Amino acid sequence: MKKAKNINSNTLLLLITVVLFIALYAGGCIVYSAKGFTHLQTFLNILITNSGLICVACGLTVVMLTAGIDISVGSLVAMDCMMLAVGMRNGIGAIPMCLLVLITGVVFGLVQGSLIGYLNIQPFIVTMAGMFFGRGMTAVICTEQVSITQEINATFYKWANAKITLPFGGYTNNKGKYMAPFVRVEVLIALLVLIIIFLMLRYTRFGRALYAIGGSEQSAAMMGLNVKATKMKAYMLSSVLTSIGGICYCLNTMAGSVQQATGLEMDAISSAVIGGTLLTGGVGNVLGSFIGVLINGTISSIVKTNGKLASSWPNILTAALLFVFIVIQSLFAAMRARKNR
Amino acid sequence: MEDNVVLTARGISMTFPGVKALENVDFTLRKGEIHALMGENGAGKSTLIKCLTGINDFEAGEIHIEGVDEPVKNHSTRDAQNVGISTVYQEVNLCPNLSVAENLFIGREPLTKLKTVDRKSYNVKSQKIMDDLGISVDVTQNLENYSLAIQQMVAIARAVDMECKVLILDEPTSSLDDEEVEKLFKLMRMLKEKGVGIIFVTHFLEQVYAVCDRITVLRNGALVGEYPIADLPRVKLVAAMMGKDLDDLAAIKGETKDLSHEPLEISAKGLAHIGTVKPFDLEIHKGEVIGIGGLLGSGRSELARSIYGADRANTGSLKVKDKDVQIHQPIDAMNLGMGMLPDDRKAEGIIEDLTVRENIILALQAKTGMFKKLSRQKQNEIADRYIDLLSIKTPSPDTLVKQLSGGNQQKVILARWLATSPDFLILDEPTRGIDIGTKTEIQKLIVELAGQGKSIMFISSEIMEMVRTCNRMVIMRDREKVGEIGGDITEQKIMHAIAGGEGE
């Protein structure tokens, strides 16, 4: 008798997420078709608003695969935005500023990663310190809100306002004008990051080592993998991706402020979890996290389109979804335990 | 180095703080042989293996490996793998969330031209490796989808594929069933044909005789000898491991005495705990050793727990020394002169980070109350007395318990209960997981204690052990007391009673 091929846990969790996203989006389309929810642009807007989050979630997925966590990402994004805004206000060019932000990410990640990898300090504690540091530094750079206008830096302004139109999927508005769908630069950056990290996780030794460490750190060490270096690199990667996310975020908001991106780390963690990444490590995929971000974005979008619901509703819906996912995951774990007995 | 020898260790010595773990030990492994490394708990087997695999730094001696000119000194498992020594442990050290193929190749995956891992190539290679070893698995499936036995074999396959000359199997069969063990043996024999030298560490004597060619015996960190399997029958092996004659084992108990005229220590009537044990009557006399027999899960421990108050009895009455008593929780039982050694000692018994002395006085301190601290002098007195009485092998009473071997930890817990000088002592699987020598000592001790007028309830999965020590047996089946055997207790009688009349 031929045994039915087992779907592995990675794939199944991802599948559930995809189905959920489609159902949610289809629901939104049916209920709010009159308000233009069916237009392709609605979907693209979700991508535009969440491009920063996509990069951050990719980074977080990487560390979560090793059974770690990085809660410094929200503060780092705020710090990045503030650096960009203040730097450019003081006359530094857009490209040097972006490079500086990336270098900051490398250093930030190097410090956090070394503490976690080599000194074996709990990731939660280390990145919590990073979180306070990032938020504090943001305020040290400048306490008030700094907007990036055309006068401050024309190049950055041009990047932020560039429309990349798509040749399909447009609609004619009620004044009879054809509205071509468009995305922005940050969406391209985010999607590029997504693809690179996806391939890296799947096809490089480093990527596979991340999964191995998440599966069993002790075994990974026994099998001769360099656990410490791999963990350090994971946190470095997370901070670098967060910095890229910070640039995307800044392109979207065109401002730096101390209160920016508060709780972004939680959005990223919840996206990853909804996308099927286990907090216990070893299971997960950036595609899942991407769809997790889309699900969160869709919820916000639906609530916004409705117009009457209070803005707190996305939180409650996200909470409900997270709950469902945690239950599914624990059922999974229970099933696995039973099978192994 | 002589021909066809793959590994020699000469004069290996190693000390842990206060304990001489290995002293001048020699070990020789030949090509294509399965070599059993035997010894009681604490004999130095694990230490020797850790010296070979680079986990322990040995102090003196040399290790030579075939093909390496210099003496080898490993500093990590990675070093050991590089010179061809691979180890497979009792717990599978692989990643359950990765595919079988990845587990075989992780960290050394074949790469494509783009420096990415070549999944196709290692999937094909892995399938071939597993097919060659006669293990039928789909290598693209996650490891967690397979049984522990298969996982164990994948670990071995990985070790073998890394071109190991020496394969160390450390208690690989502990969690496998008979059929799985047989599969593992098949694999071991196959590797032997290929010229791999295998070091096999196990507690199971019959497995040694089923698969090994040669036996090296260690005792107390010293080499006892190396023997071809044919020269060392089972009885002699046990004697070599324990360093004493086996006659001790046979007759621990003298004649079975009739103790029914002695005063009653415990008398239960219709005692029950709903859901775990059905109502039972039980009388235990002074100086009696009463065994509780039955299959695992038949209610053996539960019966004891309901007397001791660990599970509060719902119905029935209990008399201790002919007085009606109410036991709500274990401290009540302790105050009535009872003690219980629970079966899950890791979780309920030993406290690893306390010293031997502190572990021993723990129950006594709890009984006297936490505000009446025993004086240091008194503590030392008690600890010394029981270390001596039970011959606990520890460098000092102030050694941490986790530094002792399993059997000695066991004795420490036993000492803890003896220190409360109970009149009635419940021992739930006191000999599980410890070596034969210590087992015998504990059995002797039980008989001795009974001789001093203590009543003992002895629960064990090993029938012979109870036959040797008990005056009377209670048989449990399906959470119910189904019978008692007194007088001449034999293994057959017990088996029949447990099986429940279907025996003949």
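Helix α9 (residues 205–215) of chain A is mostly covered, with 9 of its 11 residues buried. The cover over these buried residues includes α3 (51–65), α8 (185–203), α10 (217–222) and α11 of chain A, together with α3 (100–105) of chain B. The model is a predicted one.

**Chain A and helix α9**

- The buried residues in α9(A) are A:Gly207, A:Arg208, A:Ala209, A:Leu210, A:Tyr211, A:Ala212, A:Ile213, A:Gly214 and A:Gly215.
- Chain A contains 14 helices and 6 strands.
- Of the 341 residues in chain A, 49% are buried.
- Among contacts in chain A with a separation of 6 or more, 76% are between residues 24 or more positions apart.

**Nonpolar cores**

- In soluble globular proteins, nonpolar side chains tend to be buried together.
- The largest nonpolar core in this model has 168 residues, and A:Val56, B:Ala157 and B:Leu167 have the most contacts inside it.
- Helix α11 (residues 227–253) of chain A supplies the largest share of this core, 14 residues.
- Another core, of 66 residues, lies apart from the largest one; B:Val277, B:Leu318, B:Ile350 and B:Phe458 are among its members.
- Leaving aside neighbours within four places in sequence, B:Leu167 is in contact with B:Ser86, B:Ala159, B:Val160, B:Leu191, B:Val196 and B:Ile198.

**Three-stranded sheet in chain B**

- An open sheet of 3 strands in chain B has the order β2-β1-β4, with antiparallel pairing.
- The edge positions belong to β2 (19–30) and β4 (60–65) of chain B; each has a single partner strand, so one side of each has no neighbour in the sheet.
- On average, neighbouring strands of this sheet are turned by 10 degrees against each other, direction ignored.
- Strand β1 (residues 5–16) of chain B pairs with β4(B) in the antiparallel sense over 5 bridges.
- Opposite B:Leu7 stands B:Ile65, in β4(B).

**Hairpin in chain B**

- Strands β8 (residues 214–219) and β9 (residues 222–228) of chain B pair in the antiparallel sense, over 6 bridges.
- B:Thr216 has B:Glu226, in β9(B), as its bridge partner.
- β8(B) and β9(B) form a hairpin, with 2 residues between the strands.
- In the turn of this hairpin, B:Asn220 has a positive phi of about 50 degrees.

Technical notes
Residues numbered from 1 in each chain as written. Chains lettered and ligands numbered in written order. Predicted model: local features only at pLDDT ≥ 70, side-chain atom pairs only at ≥ 80, totals over all residues. Core = buried A, V, L, I, M, F, W, Y, C linked by C-beta atoms within 7 Å. Buried ≥ 20, exposed ≤ 12 C-beta atoms within 10 Å, placed from the backbone. Helix = DSSP H or I, 4+ residues; strand = E, 2+ residues; numbered from the N terminus. Contact = placed C-beta atoms within 7 Å. Pairing = 2+ DSSP bridges. Axes fitted to C-alpha atoms, helices over the stretch in contact; angles between N-to-C directions.
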